[in-house]
Amino acid sequence: MLYSGDMLTILLYWLSSFDDILFKKVLSGEFDKSRWAVTATDEFANLLYVNNSFCTLVGYSRDELLQKNAFSVLTHDAYTRLRGHFENFLLTKSKFRCDILKLTYIHREGTLHQVEEIGRSMTVDGKHYVLSLIYIPDPQGKQDQELAHYLDHLEKEFSRLSSENILLRRELANKHKHGPMIGRSQAFMETMSVVERVATTDATVLILGETGTGKELLARRIHDISKRHDHPLIKVNCAALPHALMESELFGHARGAFTSAVETQVGRFESAQHGTIFLDEIGELPLELQAKLLRVLQEKEMNRIGDNRTIKVDVRIIAATNRDLQQEVLKATFRSDLYYRLNVLPITSPPLRDRSGDIPLLVQHFLDRANRKFGKQVEIIPKATMNKLCAYSWPGNIRELENLIERAVILSTDRILELGDTQSISSSPTEGVERLMTLQEIEKDYVVKILKKTGWRVSGERGAAKILGLNPKTLESRMKKMGICRPDLSGEKSLE
């Protein structure tokens, strides 16, 4: 049975301490010898602190437990209920959110122990944690009346507070809701802030970013919260359409326009009337069609193939590409006037390597989805596994992460997620993966090589501009833009 001093100390800290003070007291060992079992976890239930009573409850040493996930020592039913409460803690972010649960822990030797557990969420330095106080009933079945009375009072008090603040919790939930987008890292939040401001306008949007970063999801989010959300969002992958059929697909054709045109076909732009058209991989659009797209942007009108009748179109255009369109303009493969019309409000979809704080959220999301897809119950993500996933550089971005989690779920034989023999995942961000240079890096590297060959001579018959087929002034401008500087006389100064 708990003695009064122990209970009073813990409850005093529990109810009155600021999050950071309480968290420091826990980690400093304030409750090491408490008869309450005490744990502290991060938001994904990875154990950060356990006291002696908890070690006795589950039969593991403290060092062993700090390598584990708290869910791994619970029965499946207890895991399911506790995870729901974890999500509620993190959703409300409320310091006074408290729930009393009856849970069953699994001892190392296989015996089961039923306990009563109270959890409280904490936010320290912008990160979220959960502190759990666990009451272990007397093995002889004696009732601790003092504890029972307190738990009853605590349950009623927090129920009242929850009711009074339900509107605030909903507001907080809605504030961080980004439709199908998942994340809360700074890079993600900055991008979503721009998206939500842009969505309220009717301006053309250009989404830039590497393959697999979720550009289509950003386009859908813009459409869903825009004034056009009641009208269709038509998606077109310009890279997937054969060039011979692309004009007909986009703008439609009249009956008899060509041999196989046995009936009039409505194009994608007409199908998107009053809505939004998403042109993915816009850099793949042939030059001849770029002129027609420019007309739609400027004049809001178009013609079907084989039809002289002008059709007015009221469509918002969202384009996306993983190419550097400025470089395509310089190479004359993309019209400069179209580029400037599309580039009114550019949005960059950040790569996953710049969103490492979102990886645990994405892993859990893809794990849940894979479980439903394959009818599995893989529930526990070991801390070492999560650390490995967070440290990897993800050249294939979110798409690569989703595919890896699906594969891991298929290969896992029990509740614990196993990556298997996945050699591409390394504890080092660069180990085991070949880094590919960007187009800008390749261009810069080539220009520097030519300059070195010409002794850093830009103009003249033997100058770098002549070899590169550029005007000397243009080359100097490009060098300045790429950060290429002539070395000093010793020739040893860095070019960066």
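Analyst: Accessible areas here come from the Shrake-Rupley method with a 1.4 Å probe. On that basis the chain exposes about 26,000 Å². Carbon and sulfur atoms supply 51% of that area. The model is predicted.

First, the setting. The chain has 496 residues, and 46% of them count as buried. It holds 20 helices and 12 strands. Take the contacts between residues at least 6 apart in sequence: 64% of these join residues at least 24 apart.

Now the sheet. Strands of a sheet pair through backbone hydrogen bonds, either parallel or antiparallel. In this open sheet, 5 strands pair in parallel, and their order is β7-β8-β11-β6-β12. The edges belong to β7 (233-237) and β12 (345-348). Each has a single partner strand, so one side of each is left without a neighbour in the sheet. From one strand to the next, the twist averages 20 degrees.

Look at one pairing inside that order. Strand β6 (residues 205-208) runs parallel to strand β11 (residues 316-321), and 4 bridges join them. Ile207 stands opposite Ala320 in β11.

Next, the helices on the sheet. Helix α8 (residues 186-199) packs on it and touches β6, β11 and β12. The direction of α8 makes about 150 degrees with that of β12. Helix α9 (residues 215-224) lies across β6, β7, β8 (276-280), β11 and β12. Its run is at about 150 degrees to β6.

Now the aromatic rings. A pair of rings is described by the distance of the centres and the angle of the planes. The structure holds 5 aromatic pairs. One of them joins Phe54 and Tyr105. This pair is edge-to-face, with 5.5 Å centre to centre and 90 degrees between the planes. Phe54 lies in helix α3 (residues 52-58), and Tyr105 lies in strand β3 (residues 98-106), so the pair ties together parts that are 51 residues apart in sequence. Both Phe54 and Tyr105 are buried.

Two rings also carry a lysine charge. The charged end of Lys68 sits over the ring of Tyr60, 4.7 Å from its centre. The charged end of Lys292 sits over the ring of Phe251, and there too the distance to the ring centre is 4.7 Å.

How values were computed:
Residues numbered from 1 in each chain as written. Predicted model: local features only at pLDDT ≥ 70, side-chain atom pairs only at ≥ 80, totals over all residues. Heavy atoms only, no water. Phe/Tyr/Trp six-rings, centres within 6.5 Å; stacked < 30°, edge-to-face > 60°. Helix = DSSP H or I, 4+ residues; strand = E, 2+ residues; numbered from the N terminus. Buried < 20%, exposed > 50% of the residue type's maximum accessible area, 1.4 Å probe, protein only. Lys NZ or Arg CZ within 6 Å of the ring centre and 35° of its normal. Pairing = 2+ DSSP bridges. Axes fitted to C-alpha atoms, helices over the stretch in contact; angles between N-to-C directions. Contact = heavy atoms within 4.5 Å.
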